[in-house]
Structures are given as C-alpha cells and as structure tokens.
Amino acid sequence: MQWALTHLDDIGWATWEHAVLVSVSVAVAFLISFAVAIWASRQPRVYPPIMGITALLYTIPSLALFALLIPLVGLGRVPAIIGLVAYSLLILIRNIATGLREVPADVVEAALGMGMGPWQLLLTIEMPLAMPVIIAGLRIATVTVIGIATIAAYINAGGLGTLIFTGIAQDFPAKIVVGAGLASGMAVGADAGLSRLERRLRARRAA
Amino acid sequence: MVEAAWAYLLSHPKLFRDALVTHLTLSGCALAIATILAAPLGIILSRSPRAALVAINAANVARTVPSLAVLAIMLPILGTGFAPSLVALTLLAIPPILINAYVGIRQVDPDAIESAVGMGMTRLQVMARIELPVALPVISAGVRTAAVQVVAGATLAAFIGGGGLGDFITSGIALMQLPLLLVGAVPIALLAVGTELLFHLLERTLTPRGMRPGSS
C-alpha cells in the first residue's frame with residue numbers, strides 16, 4: 001500500500017475522471033430520458049416500444065456493447081459515454097414516466113382550471129410531485145453507471161478502471177485494491193446519498 | 001467486417017466452442033451455487049426479522065459494488081483462472097436471489113397463512129403448499145436478475161484469465177482486429193438476451209395458475 005501514499009495525485013486524478021465520466025453520462029441520459037418520457041406521457045402508444053428497445057440495450061453486457069461501438073466510433077470517451085447513456089435510458093425513462101403518470105388527475109385539472117399553461121403545469125406541479133420517483137431512477141442509474149464506467153477504462157475512457165486494469169496487467173495488487181475499492185465506495189456512497197435525498201423528498205411530500 | 005467475423009468463426013470452430021462452453025459452465029455453475037446458497041437463506045431470514053435487517057441491508061450494499069471490482073479483487077486473493085472467476089460470479093449472483101427470496105416469502109398474505117393453519121396444516125405444509133408456491137415467481141425473478149448479471153459478468157472473467165467469450169473481445173481490442181470484436185460481442189449479447197427471455201418464460205410457468213395476470 002506504500003504505492004497508494006506516493007501516488008495520491010494519480011489516484012485523485014482517476015477518481016476525478018471517473019466522477020466526470022459518470023456525471024456527464026447521467027446528465028446526457030437524463031435530458032434525453034426527460035424529453036422521451038414527456039413525449040410518451042402525451043402519446044401513450046409509443047411507451048411500450050420505447051421500453052422494449054431500452055430494455056434490450058440494458059440487457060446487452062457492457063463489454064459487448066463497448067466492443068460493438070468500436071467499429072462505429074473507435075476508442076475513448078465518446079463510445080464510453082454513448083454506452084453509459086444507453087444503459088441509463090431504461091431506468092430513467094421508466095421512472096420519469098411513472099412519476100409523471102402518478103400525479104393525481106384532479107391536481108392537474110385544478111392547475112389547468114387556474115389557467116396554467118402546459119409548461120407551467122409541468123414545472124410547478126407535475127415535476128415536484130414526481131420528484132421522489134425521478135430521484136429513485138437517478139439513484140439506480142448513477143450506481144449502475146459508476147460500475148460500468150470502470151469497464152470503460154478498457155476502451156481508453158480513463159477513470160478508476162484504469163487503476164484496476166493496470167493493476168491486473170502489471171500484477172500489482174495495490175492498484176487493483178485501490179481502484180476496485182474507490183469504485184465500490186463511490187457506488188455505495190452515491191446510493192446512500194441519493195436514497196437519503198429520496199426519503200427527504202417523500203417525507204416533505206407527506207407532510 | 002461481418003463476413004470476416006463469420007470466416008473467423010468457421011475457421012476456428014473449436015476455439016469458439018471452447019469459449020462458449022467455458023462461458024456457459026462458468027455462468028451456470030455460479031448461478032446454481034448462488035441459488036442453492038441464497039434462496040434457502042432468504043427464506044430462513046424471513047423468520048427472523050432482526051437477522052434479516054442486517055442481512056438484507058448488507059445485500060443491498062453488496063449489490064451496488066461494481067462487477068469488475070468483484071472480479072478484479074479475486075486476483076490478489078485467489079489468483080487467475082476459472083476458480084477465482086467462479087467465486088466472483090457466485091458472489092455477484094447472491095444478493096439479488098437472497099433479497100427476492102426474502103421479499104417473496106414476506107409478501108405472502110398473512111390471512112392465507114392463517115386460514116391454512118386454521119385448516120390444520122403443519123408449519124411444513126404451510127411452507128410447501130402456500131408460502132413457496134406464492135413466493136416462487138418473485139424468487140425466480142431474483143434468479144433471472146442474477147442470471148443476466150452473471151452472463152454479463154462472465155464476459156469480464158476474460159480479464160482474470162477465466163476464459164469465456166470475453167476473450168475474443170479482449171484480444172480483438174489488443175490486436176485492433178474488428179472482426180474478432182464481433183465474434184465475441186454478438187454471441188454475448190444474444191446469450192444475455194436469450195437468458196432474460198428464458199427466465200421470463202420460466203417465471204411465467206412457475207406462477208401458480210390462479211396468480212397469472214388475466215386470470216381473475
């Protein structure tokens with residue numbers, strides 16, 4: 001473990017890269033999912049096929065998906081982000097759509113009766129009410145992406161997986177332990193933090 | 001590129017078959033061991049709320065640990081090869097099966113159990129005729145989640161010398177041979193989707209007729 005103490009800057013950099021990769025992927029996925037979920041809530045017919053396609057993407061093992069992306073977009077951060085976004089879509093679209101659908105119809109009607117426009121309705125009524133379910137989706141997606149992003153290091157996307165893979169290649173246990181430990185810690189931490197936020201939002205809604 | 005991949009497959013049938021067999025053996029064994037260990041444990045836990053609180057919370061935390069982290073950490077402990085991969089994949093499969101077995105038994109309607117007891121059933125009969133059949137769809141949903149995760153995880157066994165179809169992807173990336181990537185990735189994707197569908201079917205068959213959607 002002497003290695004860890006003398007290479008804190010490398011470890012910090014890998015952690016930072018990992019966090020950026022995860023944040024960018026989840027943010028992009030969230031924007032896409034939000035648009036798709038709103039579209040699906042206006043056009044219920046498109047929801048089942050969207051769920052089918054995103055469930056298929058979700059089922060494909062990550063290393064296989066990254067491998068299939070290499071002929072199309074090569075190595076590096078771009079295929080990594082595309083893959084990570086693809087994995088987040090199912091959970092995010094499903095939870096945003098479910099959250100919006102669970103908003104009581106009489107609340108929506110009352111808001112419309114007060115003269116609210118569709119955007120105002122969405123931003124001031126539907127979104128806040130749907131927030132606990134949306135945050136739950138965000139939590140699962142983030143935890144999933146933190147894990148899969150370690151594999152993205154194999155296609156040169158950087159991050160904590162780099163420590164794991166160089167540790168394996170050089171038969172250097174300290175690097176493996178630090179990389180795997182920090183990735184696990186980040187996943188467990190994100191899970192705990194976002195579930196606390198979720199509970200707080202639910203409690204506020206119940207009050 | 002697809003043609004090149006196909007040509008590679010036809011010229012190396014044994015290589016591909018061996019990788020596929022390793023992949024399936026690794027996944028199948030891990031899933032079987034995990035089910036044998038975790039399903040009974042989950043059922044037992046449903047009887048002791050205090051132990052369950054600890055175990056289910058631990059399983060929920062364990063579930064968030066990345067697959068690659070579990071596989072890679074085997075290297076310093078058990079070395080490379082089939083056995084460390086098997087241990088890692090078994091560990092990956094345990095949490096979803098454990099959680100679903102526990103939840104499945106817990107969600108059985110207490111009224112149904114009470115009336116079975118009132119009819120004179122013993123505890124064992126209640127378990128065998130009421131609790132297990134009602135919980136079986138939830139338990140098998142846990143096994144399905146674990147199965148898909150294990151098939152995907154077995155791809156990563158290539159990194160610690162466990163073999164399997166992931167080998168084609170790692171050598172494809174190392175040599176930058178695009179057709180090799182397809183030889184690994186397409187069967188892996190099909191295998192994962194096939195596993196999902198197969199277990200869905202199993203789940204439906206295991207659901208008692210009166211509980212199937214559509215039967216009132």
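This is a predicted model: local features need pLDDT of at least 70, side-chain atom pairs count only at pLDDT 80 or more; totals for chains, interfaces and linings use all residues.
User: How many helices and how many strands does the secondary structure of chain A come to?
Analyst: From the N terminus on, the elements of chain A run α-α-α-α-α-α-α-α-α. Read as a total, the secondary structure of chain A comes to nine helices and zero strands.

User: Among contacts in chain A between residues at least 6 apart in sequence, what percentage join residues at least 24 apart?
Analyst: The C-alpha trace of chain A spans about 65 × 40 × 20 Å along its principal axes, and buried residues make up 43% of the 207 residues in this chain. Of the contacts in chain A between residues at least 6 apart in sequence, those that join residues at least 24 apart amount to 74%.

User: How many residues does the largest nonpolar core have?
Analyst: In soluble globular proteins, nonpolar side chains tend to be buried together. Among the residues with the most contacts inside the largest nonpolar core are Ala64(A) and Leu71(B). Not counting residues up to four places away in sequence, Ala64(A) touches Thr155(B), Ile169(B), Gly184(B), Ala185(B), Ile188(B) and Ala189(B). The number of residues in this largest nonpolar core is 126.

User: Which helix gives the most to the side of chain B that touches chain A?
Analyst: The contact takes 32 residues from chain B and 30 residues from chain A. On the side of chain B that touches chain A, at least two residues each are supplied by helix H3 (49-64), helix H4 (67-78), helix H7 (123-156), helix H8 (166-175) and helix H9 (178-206) of chain B. The residues of that side divide into 25 nonpolar, six polar and one charged. With nine residues, the helix that gives the most to this side is H9(B).

User: Are H5(B) and H7(B) roughly parallel or roughly antiparallel?
Analyst: The axes of helix H5 (residues 82-106) of chain B and H7(B) come within 8 Å and cross at roughly 160 degrees, and the crossing is right-handed. The residues of the contact of H5(B) with H7(B) divide into 17 nonpolar, six polar and one charged. Because angles over 145 degrees count as roughly antiparallel, the relation of H5(B) to H7(B) is roughly antiparallel.

Terms used
Residues are numbered from 1 along each chain as its sequence is written. Chains are lettered from A and ligands numbered from 1 in the order in which they are written. Helices (H or I, at least four residues) and strands (E, at least two) are DSSP runs, numbered from the N terminus. A residue is buried if 20 or more other C-beta atoms lie within 10 Å of its own, exposed if 12 or fewer, and partly exposed in between; C-beta atoms are placed from the backbone. Two residues are in contact if their C-beta atoms, placed from the backbone, lie within 7 Å. A nonpolar core is a set of buried Ala, Val, Leu, Ile, Met, Phe, Trp, Tyr and Cys residues joined through C-beta atoms within 7 Å. Ala, Val, Leu, Ile, Met, Phe, Trp, Tyr, Cys and Pro count as nonpolar, Asp, Glu, Lys and Arg as charged, and the others, Gly among them, as polar. Axes are lines fitted to C-alpha atoms, for helices over the stretch in contact, and angles run from 0 to 180 degrees between N-to-C directions. Angles under 35 degrees count as roughly parallel, over 145 as roughly antiparallel, 65 to 115 as roughly perpendicular and the rest as oblique. A crossing is left-handed if the near helix is turned anticlockwise from the far one by less than a right angle, and right-handed if clockwise.
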